[in-house]
Amino acid sequence: MKLIFQFTLPTLLGMLFQQLYNMVDSMIVGKLLGAQALGAVGSTGAISFFVLGFCMGLCNGFAIPVAQRVGAGDFFHVRRFSANSGYLCAFFALILTTVTALSCRWILSVMQTPADLMEDAYAYIFVIFLGIPVLFLYNMLSGIIRSLGDSKTPVYFLALSSLLNIVLDVVFILYFHLGVAGAALATVISQGISGIACFIYMVRAFPVLRMNEAERKFDLHSCKILCAMGIPMGLQYSITAIGSIVIQSAVNTLGSLSVSAVAAASKLSQPLACPYDALGATMATYCGQNVGALKLSRLGKGIRSAVILGFAYAALSLTFILLFARPALMLFLDPAEPELEALLALSSRYITISVAFFACLTLVNVVRFSIQGMGFSSFSMISGVLEMIARVIMGQCLLPVLGFTAACYANPAAWILADCFLIPAAILCIRKLKSTYQTYT
C-alpha cells in the first residue's frame, strides 16, 4: 500500500494540474464571460471526452508493453516499443485532428446544443481539437516516463505550464478579447509546453532510451502489440463517452439552466475524481511491471491495497461535499447571476449524488486499469460498453420521465453495472496468468 500510495501521489498531482487547465478555463469563463459562456464550454465536455479520452487511453495502452518489458529487464524492446509508440501517435493525431476539426459543428448540432450556446461551444471545441497533437505528445511521453518508474518529473512540467495557462487565460480573454476560444488556446499552448519539456527531459535523463538505428526503425510486429493494448483502451474511453454524450444531449433538452448546472458540478467533480484516475494509472504500471517480472502473487495484494485507499478517499470526499459544496461551486459561478440560487441547487444536488457513489468508482478504475496492466485490454473495453448501456438507459428512457434526477444518477448507475463485470473478470485474469506461468515469485 505504501508503494502504491507513493507512486500515486505524484501521478495525482500531475492529473490535478491537467484538471487545473479546465478548471481555470471554467472559473475565468464563468466569472468574466458569464454563466451562458460557462454552459457553452460545459456542453462540449462529453464530445471532448469522447475524442480526447480515446487519445489518452491509446497512450496509456502504448505504455503497458513498455512497463512489462521494464519489469522483465528487456530494454531492447523498451526502446523499440517507445519508438513505435511515437510513430503510431503521430498517425492517430493527424487523422483525429483532421476529422474532428472538420466535423465538430455538425456534432454539436446532433447533440442538440442549445442555439444560444452554439457559437461559443463551437469556438471552444474547435481550438481544443486542433490541439490534439500536443495532447498526444504529453500523454505518450509521460506514460513512458511512468513506465520507467518515474511518476514525479511530469508533474513539475505540468505545474509550470498550469501557471502559464492561468496567465494566458487572462491575457487572451481580457486583453485580446478572444472569448472562450482564448481559454481553449491557452490550454493548448500550455499542454504543448509540458509535452516539449517532457521530451527534453526524457532524452537527457534516460540513457537507456537512446536508440540505435535498428531500434528506431518502424516495426510492424511491435505496432501490432501496441495497438492490441492501446486501441481497446482508447475505445473503452470513447465507448464510455458515448453514454456521456447521450446524457449531455438529454440534459441539453432541459434548457440552458440545467446545462450550466451540470457544467459547474462537473468541473468540481472532475478534480475530486482525479485520485481514482491516478490510482488507475498506478495500477496499470504496477500490474504491467509485475506481470513482466512474473511476480504474480503481488497482483491481488496490490489491487486490495489500492481499493482500500480508494474507499478511504471516498469517505473524505463525501464529507467535503456535504460541508462545502455550495462555496466550492461558487468558484465557477458569478454571484451576480440572476438565477444563482437555482443554479446552486441543481449543481449541489448533482455533485452530492455523484460523490456519494465514489466507492463504486474506486472499483471501476482500480480493477479496470489493473486488468489492462495484466494485458487483458478487451475485458476493460467490455466494462466501457456496460457503462455506455447504463448511461443510454438513463438518458433515453429515464430522463424524459424523471428529468434532472436521472442525469444525477447516470454516472453511479454506470459505475455499478461496470463493477458487476470487472470484479469477477479480475479474478479470472489473475487465475489465467497463474495457470499460464506456473513458475512465479
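Colleague: Which element gives the largest share of the lining of the largest pocket?

Modeller: Bear in mind that this is a predicted model. The largest share of that lining comes from α4, with four residues.

Colleague: How much space lies in the largest pocket?

Modeller: About 290 Å³. The elements giving two or more residues to its lining are α4 (75–110), α6 (132–147) and α8 (179–205).

Colleague: And how many residues line the largest pocket, and which lie nearest its centre?

Modeller: The lining has 15 residues, and those nearest the centre are F199, M202, V203, L209 and M211.

Colleague: How do the lining residues divide into nonpolar, polar and charged?

Modeller: Eleven are nonpolar, two are polar and two are charged.

Colleague: Is C227 buried or exposed?

Modeller: C227 counts as buried, at 19% relative accessibility. The limit for buried is under 20%.

Colleague: On to the aromatics. How many aromatic pairs does the structure hold?

Modeller: It holds 15 aromatic pairs. One of them is Y276 with Y313, which is edge-to-face because the planes are at 70°, with the ring centres 5.5 Å apart.

Colleague: Where do Y276 and Y313 lie?

Modeller: Y276 is in helix α11 (residues 256–292) and Y313 in helix α12 (residues 297–329), so their pair ties together parts 37 residues apart in sequence. Y276 is buried at 1% relative accessibility, while Y313 is partly exposed at 22%.

Colleague: What about F358 and W415?

Modeller: F358 and W415 form a tilted pair, with 6.2 Å centre to centre and 55° between the planes. F358 belongs to helix α14 (residues 358–374) and W415 to helix α16 (residues 404–436), so this pair ties together parts 57 residues apart in sequence. Both F358 and W415 are buried.

Colleague: Which residues do ring pairs link into a cluster?

Modeller: Y276, Y313, F358 and W415.

Colleague: Last one: what sits over the ring of Y122?

Modeller: The charged end of R105, 4.0 Å from the centre of the Y122 ring.

Definitions and conventions. Residues are numbered from 1 along each chain as its sequence is written. This is a predicted model: local features need pLDDT of at least 70, side-chain atom pairs count only at pLDDT 80 or more; totals for chains, interfaces and linings use all residues. Side-chain values use heavy atoms; hydrogens and water are left out. On a 1 Å grid over the protein atoms alone, a cavity is a set of points where a 1.4 Å probe fits but cannot get out, and a pocket is an open set with protein on both sides within 12 Å along at least five of seven lines; lining residues have an atom within 4 Å of a point. Grid points are joined across faces, edges and corners, and a volume is the space filled by probe spheres set on the points. Ala, Val, Leu, Ile, Met, Phe, Trp, Tyr, Cys and Pro count as nonpolar, Asp, Glu, Lys and Arg as charged, and the others, Gly among them, as polar. Buried means under 20% relative accessible area, exposed over 50%, partly exposed in between (1.4 Å probe, protein chains only). Rings of Phe, Tyr and Trp (its six-membered ring) pair if their centres lie within 6.5 Å; planes under 30 degrees apart count as stacked, over 60 as edge-to-face and the rest as tilted. A charge sits over a ring if NZ of Lys or CZ of Arg is within 6 Å of the ring centre and within 35 degrees of the ring normal.
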